[in-house]
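Trainee: I would like to learn how to read a protein model. Could you take me through one, feature by feature?

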Amino acid sequence: MEKQWWKESVVYQIYPRSFMDSNGDGIGDIPGIISKLDYLKELGIDVIWLSPVYKSPNDDNGYDISDYQDIMDEFGTMDDWDQLLKEMHNRGMKLIMDLVVNHSSDEHKWFVESRKSKDNPYRDYYIWRKPKDGKEPNNWGSNFGGSAWEYDEETGEYFLHLFSKKQPDLNWENPKLREDVYSMMKWWLDKGIDGFRMDVVNFISKVEGLPDDEVKPGKKYASGSKYYRNGPKIHDYFKEMHKEVLSNYDVMTVGEMPGVNPEQARLYTGKDRDELNMVFQFSHMSLDNGKNGKWDLKPLYLPDLKENLTHWQTALEKDGWNSLYFNNHDQPRVVSRFGDDGKYHRESAKMLATILHMMKGTPYVYQGEEIGMTNVRFSSIEEYEDIETLNFYNEQMEAGEPVQKTMESIYVKGRDNARTPMQWDSSRNAGFTEGEPWLAVNPNHKEINAEAQVNDEDSIFHYYKKLIELRKQHEVIVYGRYELILGDHEKLYAYTRTLGDEKLLVLCNFYDEDLEIDLPEEVVSENASTLITNYKGETKLAKQMKLQPYQAIVYKL
Ligand code: NOJ
């Protein structure tokens with residue numbers, strides 16, 4: 001397997017709005033990020049992925065961009081950003097920027113022009129269609145609820161928006177649009193950034209004719225996703241982007257790709273494919289979805305997670321590369337989701353980190369994950385800010401669904417769980433701001449905060465730090481082969497990693513009770529030493545052994 005710096009890196013994602021506010025306006029900003037770089041250096045981070053900091057009317061918190069080459073006023077200035085890059089590079093850290101080019105904001109100058117008239121030079125930068133029988137051009141729904149089409153009085157046509165109606169989809173069929181995107185990418189790369197995370201980038205090629213899709217029972221709109229995910233020209237676009245832009249720089253790229261399978265991921269990330277380095281896949285994030293999707297709650301069944309992650313580990317074993325994540329700004333907090341955010345908060349957060357950080361791939365830590373930040377339960381919908389959450393709530397109310405059931409789904413799955421401000425200390429507003437935070441701080445910041453954990457050697461923070469250090473010390477963690485053991489076990493997640501003579505055994509008890517296990521002979525070595533564990537004292541490796549609640553141990557065999 002070819003060695004690459006981005007395979008050996010650990011990435012930290014910053015959602016700037018919620019990270020650190022330096023000027024008391026209640027919104028995180030770039031100088032705030034700069035003030036926390038030493039904290040991230042101490043954690044051992046190599047790369048920061050910065051969620052969008054560009055000019056935006058904030059319909060979707062910066063994922064609706066009105067100027068790709070300028071900074072949002074609330075976040076600071078371009079000088080602040082230049083300073084951030086300099087301060088990061090001085091500390092030996094790299095920066096990857098979010099590239100959001102499936103859609104722009106409707107306030108972007110391209111769209112302002114585009115909607116003016118049918119013969120405007122920018123008309124074709126977006127996807128406009130005539131009404132069909134006086135209605136929407138097709139039956140697709142938006143990912144944020146409602147129709148995927150918005151009618152525009154001015155020219156009497158509809159435009160496509162797979163997300164909010166303030167996020168019109170860009171038309172990648174148009175070579176001029178592609179050229180403009182590439183030149184914008186070059187502009188950032190020439191400023192010295194180290195790569196891109198690409199937002200829903202497997203949505204950019206739509207099937208010609210934008211056909212109607214099947215409407216499932218009880219739904220008003222069809223998904224349409226089979227006509228825009230991994231579409232017909234997607235590989236042509238990546239190959240062109242690679243040739244025109246990426247091949248000229250030593251950078252890392254990760255494409256966010258809902259609905260991608262491992263075989264497709266190999267096409268996107270294979271060594272000789274000249275496309276991307278890795279993708280964010282989502283299949284492991286939907287194992288706790290009921291049949292009606294994300295808001296339909298279902299408990300995770302551990303063997304499903306093992307089967308899923310193992311499939312990804314083995315499919316990309318020889319060619320392609322995995323990203324490893326349990327958290328980001330769109331997902332609920334993993335310790336609340338798959339662990340225990342009460343009695344075994346510390347143990348379960350560390351156990352989940354072990355499962356992920358011992359796998360093959362590039363690990364991503366989302367802000368606050370390294371201190372075990374948890375989901376939040378605000379008492380009323382008024383306290384929520386996320387557009388997806390609010391749209392869901394309103395649709396449920398219109399459909400006459402009970403408030404309590406709706407709130408329960410939001411408590412478990414809502415995106416604001418990930419977006420409450422970073423918990424720096426136990427003071428008012430968790431040290432995030434001197435002012436009023438744009439989204440309330442989780443009341444548990446008095447117990448769960450970075451300051452307390454940096455000062456406690458046994459904390460979740462120090463455990464993450466150690467996992468990151470181990471990755472630097474043992475090549476087997478980066479490049480070794482992954483093999484699942486005891487695959488059908490309902491409570492244990494166990495696997496080995498092997499590189500040449502080096503072999504690791506990872507054992508994780510996924511539940512809150514003691515667990516007696518019976519290991520296969522071939523992994524039971526007399527001379528095993530413990531690399532890391534989340535319990536004090538020694539747990540000796542034996543064929544038959546007992547793990548404590550949420551215990552995780554990594555042995556070097
Ligand atoms: C995926 C991003 O992660 C999410 O936050 C955003 O709402 C959508 N793409 C639309 O840009």
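Mentor: Here is a short tour of this model, one feature at a time. Keep in mind that the model is predicted.

Trainee: Let us begin with the record. Which residues does the UniProt annotation "domain: Glycosyl hydrolase family 13 catalytic" cover?

Mentor: According to UniProt, in an unreviewed entry, that domain covers residues 13-419. In the model, this span is 31% helix and 14% strand, and its end C-alpha atoms lie 12 Å apart.

Trainee: Now a single residue. Is Asp 169 buried or exposed?

Mentor: Buried means under 20% relative accessible area. Asp 169 has a relative accessible area of 0%, so this residue counts as buried.

Trainee: Where is the place of Asp 169?

Mentor: Asp 169 belongs to the loop that runs between strand S8 (157-160) and helix H5 (175-190). Leaving aside neighbours within four places in sequence, its contacts include Asn 102, His 103, Tyr 125, Leu 160 and Lys 206.

Trainee: How many residues apart in sequence are Asp 169 and Ala 222, and what is their distance in space?

Mentor: They are 53 residues apart in sequence, and 18 Å apart in space from C-alpha to C-alpha.

Trainee: Next, backbone angles. Which value of phi does Asn 230 have?

Mentor: Phi of Asn 230 is near 50°, a positive value in a residue other than glycine. Asn 230 sits in the loop between strand S9 (195-198) and helix H6 (234-244). Its relative accessible area is 19%, so Asn 230 is buried.

Trainee: What is phi near in Asn 429?

Mentor: Near 55°, again a positive value in a residue other than glycine. Asn 429 is found in the loop between helix H13 (416-419) and H14, and at 12% relative accessibility Asn 429 counts as buried.

Trainee: How do we find empty space?

Mentor: Rolling a probe the size of a water molecule over the atoms shows where empty space is left. This structure holds three cavities of 30 Å³ or more, and the largest cavity has a volume of about 90 Å³.

Trainee: Which element gives the most to the lining of the largest cavity?

Mentor: Helix H8 gives the most, with three residues. H8 (302-315) and strand S14 (323-324) are the elements that give two or more residues to this lining. Among the lining residues are Gln 281, His 284, Trp 312, Tyr 325 and Met 359. By class, the lining has six nonpolar, five polar and no charged residues.

Trainee: And how much space lies in the second largest pocket?

Mentor: About 450 Å³. Of the 23 residues that line this pocket, the closest to its centre are Gln 4, Trp 6, Lys 271, Leu 276 and Asn 277. The lining of the second largest pocket divides into seven nonpolar, eight polar and eight charged residues.

Definitions and conventions. Residues are numbered from 1 along each chain as its sequence is written. This is a predicted model: local features need pLDDT of at least 70, side-chain atom pairs count only at pLDDT 80 or more; totals for chains, interfaces and linings use all residues. Side-chain values use heavy atoms; hydrogens and water are left out. Helices (H or I, at least four residues) and strands (E, at least two) are DSSP runs, numbered from the N terminus. Buried means under 20% relative accessible area, exposed over 50%, partly exposed in between (1.4 Å probe, protein chains only). Contact means heavy atoms within 4.5 Å. On a 1 Å grid over the protein atoms alone, a cavity is a set of points where a 1.4 Å probe fits but cannot get out, and a pocket is an open set with protein on both sides within 12 Å along at least five of seven lines; lining residues have an atom within 4 Å of a point. Grid points are joined across faces, edges and corners, and a volume is the space filled by probe spheres set on the points. Ala, Val, Leu, Ile, Met, Phe, Trp, Tyr, Cys and Pro count as nonpolar, Asp, Glu, Lys and Arg as charged, and the others, Gly among them, as polar. UniProt positions are given in the numbering used here, feature names are shortened, and annotations may be inferred rather than shown by experiment.
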